[in-house]
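Visitor: I would like to learn how to read strands, helices and contacts in a model of this kind. Could you take me through it feature by feature?

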Amino acid sequence: MSSDSILSVDRLTMRFGGIIAVNDLSFAAERRKITALIGPNGAGKTTVFNCITGFYRASSGTMRLTHDSGKQIQLERLNDFRISKQAKVARTFQNIRLFPGMTALENLMVAQHNALMLASGLTFLGLIGAPSWRSAENRAIDQARLWLDRIGLLERADDAAGNLPYGDQRRLEIARAMCTEPALLCLDEPAAGLNTRESAALSELLFSIRADHGASILLIEHDMSVVMEISDHVVVMDYGMKIAEGSPQDVRDDPKVIAAYLGADEQEAIAVMESGT
Amino acid sequence: MSAPAPEPAAASSGLDAAYIFKKSLISALVALVLFSLMIGIRTEAGPTGQLVYWTRFGDLALMVAGVFGGSILIELLRRWWGPVTVTRVVPASVQTGLALARRAIAPLLLIFTVLVPVIFYDQRYILDLGILVLTYVMLGWGLNVVVGLAGLLDLGYVAFYAVGAYSYALLATNFGLSFWICLPLAGILAALWGVMLGFPVLRLRGDYLAIVTLAFGEIIRLVIINWQSLTGGPNGVSGIPRPTLFGIPLTPGDNGLAAKLGIEFSPTHRIVFLFYLILGLALLTNWVTIRLRRLPIGRAWEALREDEVACRALGINTTTTKLTAFATGAMFGGFAGAFFATRQGFISPESFTFQESALVLAIVVLGGMGSQLGVALAALTMIGGFELFRGLDQYRMLVFGFAMVLLMIWRPRGLIGHRAPTVFLKHSHAISSDLVKEGHG
């Protein structure tokens with residue numbers, strides 16, 4: 001395992017009753033790289049995500065996160081909101097989970113909650129309208145405006161998030177996750193349901209996140225063209241186990257991977273092969 | 001509309017007539033089954049204790065016919081007024097005029113409220129009613145924080161009202177503390193109980209949360225009834241001191257306010273003072289809530305109502321967020337309770353039954369969850385309407401229930417159904433209630 005990995009998952013196992021969803025999985029995500037976690041449906045990818053982001057408590061195994069400062073955090077010891085707050089791991093969801101009744105801008109403001117809570121003096125300074133709070137609020141709005149501009153939604157900042165087109169909602173959810181200023185961004189099928197133009201825009205957004213914000217990205221994806229285009233490292237899972245790992249080219253030519261996809265779903269296997277040509 | 005439109009419309013209206021007829025017939029049948037025993041047969045104990053009964057089929061027929069006719073009428077009204085598919089052609093100028101009028105409601109209502117004691121100075125009844133309405137406005141605004149913003153269904157809100165009232169009553173009668181010292185104490189104590197309630201219910205959602213909060217409201221009431229040595233049990237606490245204007249009592253004596261101002265004493269002074277006191281407290285509640293909505297904590301409450309899982313993924317501590325919502329709502333309930341105690345001069349557990357919780361919750365739901373103006377309008381409608389129908393005696397609840405059913409048909413998301421954003425870059429568009437979630441507890 002590389003010494004400069006931001007996340008190293010070691011022998012992660014997750015059991016639900018008698019079902020082993022993730023079995024003895026080890027992999028590492030490198031700093032400022034895009035790591036993709038792929039595999040057929042039901043391979044356990046989302047379970048891995050839920051363990052990393054604290055929604056599930058892993059049955060066994062360790063997940064070590066190393067910040068830029070060198071500080072190490074064992075993710076399996078944190079839970080719930082602390083993963084995001086202390087370990088700086090942000091995530092998006094397979095089925096988009098925005099706050100539909102709040103505007104795009106408000107969604108991005110909620111994401112800056114912890115920083116703003118401190119700035120508002122745990123609400124008391126904010127209640128009396130202290131100048132320090134006002135400037136902090138303006139900075140937060142500027143930050144949100146910056147992200148809205150980057151995802152091309154500045155014009156729709158004051159529209160309800162639930163009213164935005166699907167592709168815009170996907171990008172808004174990524175922007176919202178980025179507003180928590182994460183060290184590791186976990187994306188659960190970010191390209192699902194996007195058309196070609198939208199997924200090209202998504203790739204561009206992810207590249208710019210990696211380049212400009214120094215964030216490392218871990219993503220689950222079904223869309224092989226996206227995976228092949230943007231990822232630096234690919235981990236392939238099947239039946240809860242890692243079956244291959246390496247650069248996109250290596251993985252694509254791996255017979256085990258092709259077999260897994262062929263066995264699982266013909267169309268996906270064809271997609272894997274075609275994306276290489 | 002283009003030319004071919006009338007044809008399908010005529011066909012569907014023919015279908016509609018049959019549908020309405022069928023629906024009304026079913027309603028009439030249900031009424032027949034229900035009323036045949038309730039109205040059709042009248043039983044009484046005879047002079048020697050035996051059962052005497054006689055039939056009233058005429059009344060029964062009248063009731064069933066009434067249900068049949070009424071059902072047709074309601075269905076027709078719904079067709080005419082309800083959500084129809086045709087676009088309503090309203091000139092843009094009229095629409096902007098209406099929007100302006102809507103914006104003017106809140107300031108006009110406030111100005112009118114401030115002037116009420118001046119206009120109705122001689123009418124004690126109206127002043128008392130005004131105080132009652134304002135008390136419920138304040139309770140509604142307080143509960144709105146918990147139910148409307150944070151989306152936590154609280155059926156035991158009256159518990160905090162009771163805690164506030166008893167805090168003031170006991171502190172004032174036992175230690176002789178003044179109203180102005182007791183008011184914040186009552187708020188703090190109620191907030192404390194809000195947190196105590198919050199802890200066990202944190203993991204509960206939806207129906208379960210509602211049941212536990214309901215139980216909590218009953219527990220507080222039962223403790224008050226049974227803890228005789230402290231609360232006086234069912235006898236309540238009497239002789240609660242009246243509020244003073246910063247130490248100056250509103251009494252006819254030499255050191256009273258009237259004597260100090262050199263005007264003739266009138267008992268109305270106290271009523272007017274109470275009116276402005278509760279108005280001030282209610283406006284404080286409103287101001288704080290509006291401020292809180294624009295602060296991170298308020299946004300977190302609304303985000304919690306929208307999607308709790310997403311909140312956790314964004315690093316928001318849902319535990320403390322829920323607890324602060326409970327505590328804030330409870331604090332306002334406590335203030336209102338302290339005011340209630342000082343206004344009545346006497347409190348007993350009978351004032352804090354589940355009916356009060358239900359009434360306040362109905363005000364919040366009717367007003368449109370989360371809307372401050374909506375809650376104020378709903379309190380005015382509910383409490384004012386209740387008084388308005390007083391002349392109808394035993395039919396009052398019936399008329400009232402009917403009015404609520406009608407309102408729920410035409411405005412299912414409350415009087416003010418849309419949500420105003422807390423922050424905006426260019427324009428603040430109201431968000432349609434279809435998108436805003438109600439929360440899952």
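Predicted model: local features only at pLDDT ≥ 70, side-chain atom pairs only at ≥ 80, totals over all residues.

Visitor: In what order do the six strands of the open sheet in chain A lie?

Guide: Helices (H or I, at least four residues) and strands (E, at least two) are DSSP runs, numbered from the N terminus, and two strands pair if DSSP finds at least two bridges between them. Here the order is β6-β7-β8-β3-β9-β10 of chain A, an open sheet with mixed pairing. The edges are held by β6 (89–91) and β10 (241–246) of chain A, each with a single partner strand, so one side of each is left without a neighbour in the sheet. On average, and with direction ignored, neighbouring strands of this sheet are turned by 20° against each other; for such angles, axes are lines fitted to C-alpha atoms, for helices over the stretch in contact, and angles run from 0 to 180 degrees between N-to-C directions.

Visitor: In which sense do β3 and β8 of chain A pair, and which helices pack on the sheet?

Guide: Strand β3 (residues 34–38) and strand β8 (residues 216–220) of chain A pair in the parallel sense over four bridges, with A:I34 opposite A:I217 in β8(A). Helix α1 (residues 45–52) of chain A packs on the sheet and touches β3, β6, β7 (184–188), β8 and β9 (233–238) of chain A, its direction making about 145° with that of β7(A). Helix α8 (residues 196–213) of chain A also packs on the sheet, touching β3, β7 and β8 of chain A, and its direction makes about 150° with that of β8(A). Contact here is a matter of distance: two residues are in contact if their C-beta atoms, placed from the backbone, lie within 7 Å.

Visitor: How is the open sheet of four strands in chain A paired?

Guide: In a regular strand the side chains alternate between the two faces of the sheet. The four strands of this open sheet run in the order β2-β1-β4-β5 of chain A, and the pairing is antiparallel. Because β2 (19–30) and β5 (72–74) of chain A each have a single partner strand, they stand at the edges, with one side of each left without a neighbour in the sheet. Strand β1 (residues 5–16) of chain A is joined to strand β4 (residues 60–66) of chain A by five bridges, and in this pair A:V9 stands opposite A:M63 and A:S8 opposite A:R64. β4(A) also pairs with β5(A) in the antiparallel sense over three bridges, where A:L65 has A:I73 as its bridge partner. The hairpin formed by β4(A) and β5(A) has five residues between the strands, and A:G70 in the turn has a positive phi of about 95°.

Visitor: At what angle do α5 and α7 of chain B pack?

Guide: An α-helix has 3.6 residues a turn, so residues three or four places apart point the same way. Helix α5 (residues 158–175) of chain B is mostly covered, with 15 of its 18 residues buried; a residue is buried if 20 or more other C-beta atoms lie within 10 Å of its own, exposed if 12 or fewer, and partly exposed in between, with C-beta atoms placed from the backbone. α5(B) and helix α7 (residues 206–226) of chain B pack at an angle of about 30°, with their axes 8 Å apart. The two helices are therefore roughly parallel to each other, since angles under 35 degrees count as roughly parallel, over 145 as roughly antiparallel, 65 to 115 as roughly perpendicular and the rest as oblique. Among the residues of α5(B) in this contact are B:V158, B:A162 and B:Y166, and among those of α7(B) are B:F216 and B:I220.

Visitor: How many residues does each chain give to the contact?

Guide: Chain B gives 33 residues and chain A gives 34 residues. α11(B) gives the most to the side of chain B that touches chain A, with seven residues. Eleven of the eleven residues of α11(B) are buried, so this helix is largely enclosed by the rest of the structure.

Technical notes:
Residues numbered from 1 in each chain as written. Chains lettered and ligands numbered in written order.
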